[in-house]
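Trainee: Could you take me through one part of this model in detail? I would like to look closely at the place where the two chains meet.

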Amino acid sequence: MTLADLKEQFGDPTPAELQLIAKYGELPEDARRLRAFEAFAKNGLPHRRMEQWKWTDFRHAIHAIETGQPRREKTIEPSDDALVFRFDGKSWHVPQDLPDGLSVFEKSEAQAVGNAEELPLAALAGALTGQSGRADLLQVEVTKPIKQPVFLDFDYERLETAFARIAFVVRPEAKVDVIERHAGGAGFSSVLVEFGIQDGGHVTRSLLQSGGAEEATAITAGVTLGAQAVYEQTALAFGAKVARIETRLAYEGEAGRAHINAAYLPADGYHVDFTSHVRHGAQSCVTRQLTKGAVNDGGRGVFQGKFHVPRSVGQHTDADMQHQAILLENGAEVYAKPELEIYADDVECAHGNTSGQLDETALFYMRQRGIPHMEARALLTEAFIAEALETAHPSVRDSLLEASRAFLRNEA
Amino acid sequence: MLKLDNLSARVGEEESEKTILNGLSLEVPAGEVHAIMGPNGAGKSTLAYLLTGREGYEVTGGTATLDGKDLLAMEPEDRAAHGVFLSFQYPVEIPGVPVMTFVRTAMNAQRKARGEEEMSAPEFIKKAREIGGILNIDAEMLKRPVNVGFSGGEKKRLEIFQMMMMEPRFSILDETDSGLDIDALKTVANGVNALRSPERSMLVITHYQRLLDHIRPDKVHVLAKGRIIKSGGPELAEQLERDGYDGILGEVA
């Protein structure tokens, strides 16, 4: 397929889409790369007429891709012992000394993207990696429990675009703690992180996203869990012009367990979207999902969660999905779509979805004691958000709370 | 100290609008403790909320000043910084915020507003321990989120704990005796009495005389239908206990 054919496929491409087509044209030809790009090209930049993107319209948000501005004021730092993997927007920088049980492979050809059709921006990441001419995909193999956290630092300095892909293969009984810092800095970015967790493997993932008010960013995780494998994800997001943080998880062995917790704090002009899809494709798996948000005037939060429990393989599923939002000011927007799609008959599935305002009585009580209104609001909101961040890795838990605190006091 | 002059207020909007204070005048000089008694619906709690700046009340006339400063023009937190403290009839739960964090944040916010130095952590902890000892509040309770899972008596003791920590110049105690057994009542009264001083005043709102046996007021006022209908010494409280509000109301009418 030629570039002209691709352009044809878009119908009426936007300037941003033309830029992405040009990026694709610069890369070496590869059948798998083409397939991934075609999955993206089918609908182009996701937009509101697509059901899964009705509240998060990338096409509308970015007309043309421009240079980004990193936002480092609300952030987390790697602990002293952390293994820092830095992605500068083009290349990966990996520590020289890696502990026993952790190996890194650079794959220099494009690799197929799973569920590409349903994850157009992850497919795009898969198609456009390798801009440095080196690694298209960084593969990390974990063969035993690793003490030090792996810190993935997505650190862009005024770039137009950034596309990264990293995959963890976690062998049976191995364990790794992954921490991700996404500080923005690219006008348009898409990161795909994959976790293949084999029987009895264990992954924790803690993530902080912040980005510029003119940036568009997508962070997608694809997770598969073997028997008795554990996945614990905790994310805090401040958003960008549009930010989509998506998790697609599938249980493939019995008695897997996952926590998917998130907090979002979009300010005026910011948009955060947490979307997840969990497939209970094996018996007796347990999912706990808690998403909390607090939104300022002009900010927008989106939560879309789906549990899919197939007929026979999904028996004895135990799954709970909670989404709670606080609209801090008039003009805040929250959109939520919790979905349970259950075909098995012996399961325990629950979901809850609330949005409201801070308790006026509590605010008055605090002000009566001398706590100024903003501070009272911040304390209450922080306490509300904190529950969703409790599962974060100990080395960054406090900084995540600190980042929320600074945000809620308008210090950042 | 506190001066209310012909204060009138209403609550609610349009059709549900209701006058709740109707030309209330009252003066509490520095160093004195005054009690306000009255039947249900007399406007006792309204008065407490109005003086502390809770939303939902509209002042339709009159003035309220503390040391000559217009209280009604201030935000609730500014009133607190000026030394106004309310011991709530129904203390509010604040999930996720431990008592120690809450009280320290509040005290430092007040100090900051007054241009004073923050209290150091060791100084704060020492004082909290001392006052906790007087009120039977142990360290465990101070670590728990404010009022969450507290019994009625614990909540009231925590109000007095905050009052003793903050040392306000003007305290309003709104039905602090409700929900307290006799031992807790004595504990609370001891705490309140410990704060009495020539620079401080208090307004004790209560239904019954029993609290006033332990916190001896300088004056007692009877509030009914939104204004003070009778004032007197401590003996007035005893008369109320004996004859009930109907007696007094009949007498005045």
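Mentor: Happy to! At this interface, 30 residues of chain B are in contact with 16 residues of chain A, contact meaning heavy atoms within 4.5 Å. Please keep in mind that this is a predicted model, in which local features need pLDDT of at least 70 and side-chain atom pairs count only at pLDDT 80 or more, while totals for chains, interfaces and linings use all residues. Residues are numbered from 1 along each chain as its sequence is written, chains are lettered from A and ligands numbered from 1 in the order in which they are written, and side-chain values use heavy atoms, with hydrogens and water left out.

Let us begin with the area. About 1900 Å² is buried between chain B and chain A, and carbon and sulfur atoms give 67% of that; buried area is the accessible area (1.4 Å probe) that two parts lose on being put together, summed over both. On the chain B side, the residues that lose the most area to chain A are B:E77, B:F88 and B:V92, together 27% of what that side buries.

Now for the polar side of the story. Eleven residue pairs are in polar contact between chain B and chain A, with both residues at pLDDT 80 or more. A polar contact is a pair of N or O atoms within 3.5 Å; within protein, one must be able to donate a hydrogen and the other to accept it, and residues adjacent in sequence count only if both atoms are side-chain atoms. Which elements of chain B take part in the interface? By type, the chain B side divides into 17 nonpolar, seven polar and six charged residues; Ala, Val, Leu, Ile, Met, Phe, Trp, Tyr, Cys and Pro count as nonpolar, Asp, Glu, Lys and Arg as charged, and the others, Gly among them, as polar.

Side chains of opposite charge can pair when their charged atoms come close. The rule finds three salt bridges across the interface of chain B and chain A, a salt bridge being a side-chain nitrogen of Lys or Arg within 4 Å of a carboxyl oxygen of Asp or Glu. One of them joins A:R369 and B:E159, at 2.6 Å from N to O. This pair runs from the loop between α6 (360-368) and α7 (373-389) of chain A, where A:R369 sits, to B:E159 in helix α6 of chain B. Are the two partners buried or exposed? A:R369 is buried, at a relative accessible area of 0%, and B:E159 is buried too, at 0%; buried means under 20% relative accessible area, exposed over 50%, and partly exposed in between (1.4 Å probe, protein chains only).

B:Q110 counts as buried because its relative accessibility is 6%. Leaving aside neighbours within four places in sequence, B:Q110 is in contact with A:R369 and A:G370 from chain A, and with B:A80, B:A81 and B:M166 from chain B.

Notes. Helices (H or I, at least four residues) and strands (E, at least two) are DSSP runs, numbered from the N terminus.
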